[in-house]
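Please look at the model shown below and keep it in view while reading. The paragraphs that follow lead through its aromatic rings and then its pockets.

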Amino acid sequence: MPEAPLLVAARGGTPARVPVWFMRQAGRSLPEYRSVREGVPMLQSCFDPALLAEITMQPVRRHGVDGAILFSDIVVPLYAAGLGIDIVPGTGPVVAHPVRSAADVDALPELETEQVRPIADGIGLLLRELGETPLIGFAGAPFTLASYLIEGGPSRNHEHTKALMHAQPELWHRLASHLADVAATFLKAQLDAGVDAVQLFDSWAGALSPRDYREFVLPHSAKVLAAVAGYDVPRIHFGVGTGELLPAMREAGADVVGVDWRVPLDEAARRLRASGEPAPVVQGNLDPALLMASWPVVEAEVRRIVAEGREAAGHVFNLGHGVLPETDPEVLTRVAELVHSL
């Protein structure tokens with residue numbers, strides 16, 4: 001699908017229209033999602049090929065977005081590999097036994113491709129229905145996966161993670177390298193099944209200084225992105241609160257850098273261009289909270305972001321983070337229609 005607007009923009013070309021998709025577009029904001037997920041635990045739904053495909057398709061049918069993102073979770077490959085991890089409603093991923101010692105790291109299992117076979121099967125079902133709409137696969141980046149494992153769940157300060165990183169750097173790098181292998185295996189399984197682009201989520205990298213990011217994180221994210229370079233598909237890299245890290249995230253091997261709402265896209269393009277690389281492609285970056293505002297507010301923000309995105313070599317319109325559960329789906333549909341009209 002060489003003319004698909006998302007893929008054209010991601011490669012720095014000039015698409016027929018500004019492409020748009022929304023992080024967490026398949027999820028709790030949709031009544032049809034709540035209906036099909038009723039009584040089905042999150043991780044179980046990720047390993048049901050038919051359910052995975054149906055949930056992934058729902059926002060494509062409803063909103064007319066330019067990309068479907070595989071319904072999954074960043075801890076899915078850890079769960080598939082056999083780690084004791086669960087997604088607790090209202091909390092997020094919770095690890096039964098946090099990883100904080102050399103013995104804990106040594107005990108971590110490898111991920112085998114066959115362990116995520118149901119997800120590949122779901123991708124096969126999706127490709128038959130998506131037609132000319134690209135499918136985006138994704139994985140969690142090593143730092144964010146490590147943070148969940150070390151902290152035992154979501155964390156505001158990442159204190160155990162940072163302490164281990166600085167006090168035991170050799171152990172940290174062993175852990176991060178292992179998790180890079182897990183992420184790469186998961187992405188390759190999705191690519192072999194037929195996804196058209198991939199996104200590496202480093203959700204919590206914004207907790208780090210640029211110095212710490214370059215020393216402790218960049219080599220491992222680069223390992224993941226390099227592992228899938230041979231597939232010749234766009235590689236998107238995104239984190240929250242990463243305005244100071246944008247050039248380094250691009251250096252990790254990203255073709256497209258996702259930007260949250262804290263940095264305007266024209267400023268993000270300036271920071272990315274300062275590295276001396278070719279003109280950057282950006283993704284973002286409407287504040288998801290503003291979808292709760294009146295339509296004139298939302299419209300003005302969308303128009304501003306599309307205008308700022310023209311300062312980059314390419315722009316994929318998105319939110320600055322995921323769709324909030326309370327979001328009115330009709331607003332998302334109107335945003336997609338507006339972006340396509342600009």
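Rings of Phe, Tyr and Trp (for Trp, the six-membered ring) count as a pair if their centres lie within 6.5 Å; planes under 30 degrees apart are called stacked, over 60 edge-to-face, and the rest tilted. By this rule, ring pairs join F138, F201 and F238 into a cluster. The model is a predicted one, in which local features need pLDDT of at least 70 and side-chain atom pairs count only at pLDDT 80 or more, whereas totals for chains, interfaces and linings use all residues. Residues are numbered from 1 along each chain as its sequence is written, and side-chain values use heavy atoms, with hydrogens and water left out.

A pair of aromatic rings is described by the distance of the centres and the angle of the planes. A search of the whole structure finds six aromatic pairs. In one of them, the ring centres of F47 and Y79 are 5.8 Å apart and the planes stand at 50°, so this pair is tilted. The two residues are 32 residues apart and belong to distant parts of the chain: F47 is in the loop between helix 3 and helix 4 (49-63), and Y79 is in helix 5 (residues 76-81). Helices here are DSSP runs of H or I with at least four residues, strands are runs of E with at least two, and both are numbered from the N terminus. How accessible are these rings? A residue is buried under 20% relative accessible area, exposed over 50% and partly exposed in between, using a 1.4 Å probe and protein chains only. F47 counts as buried at 19%, and Y79 is partly exposed at 37%.

Another pair is formed by F143 and W172, whose ring centres are 6.1 Å apart with planes at 55°, so it is also tilted. Because F143 lies in helix 8 (residues 142-151) and W172 in helix 10 (residues 169-193), the pair ties together parts that are 29 residues apart in sequence. F143 is buried, with a relative accessible area of 1%, and W172 is buried at 0%.

A pocket is found on a 1 Å grid over the protein atoms alone, as an open set of points where a 1.4 Å probe fits, with protein on both sides within 12 Å along at least five of seven lines; lining residues have an atom within 4 Å of a point. The largest pocket holds about 1500 Å³ of space, a volume being the space filled by probe spheres set on the points. Its lining has 49 residues, and R24, R28, M42, D73 and P93 lie nearest its centre. Helix 2 (31-37), helix 3 (42-46), strand 2 (85-88) and strand 3 (92-95) each supply at least two residues of this lining, with the largest share, three residues, coming from strand 2.

Which residues does the record mark as a binding site? In an unreviewed UniProt entry, this annotation covers R24, Q25, A26, G27, R28, D73, Y148, S203 and H321; such annotations may be inferred rather than shown by experiment. They span 298 residues in sequence and the farthest two C-alpha atoms are 23.1 Å apart, so they do not all gather at one spot.
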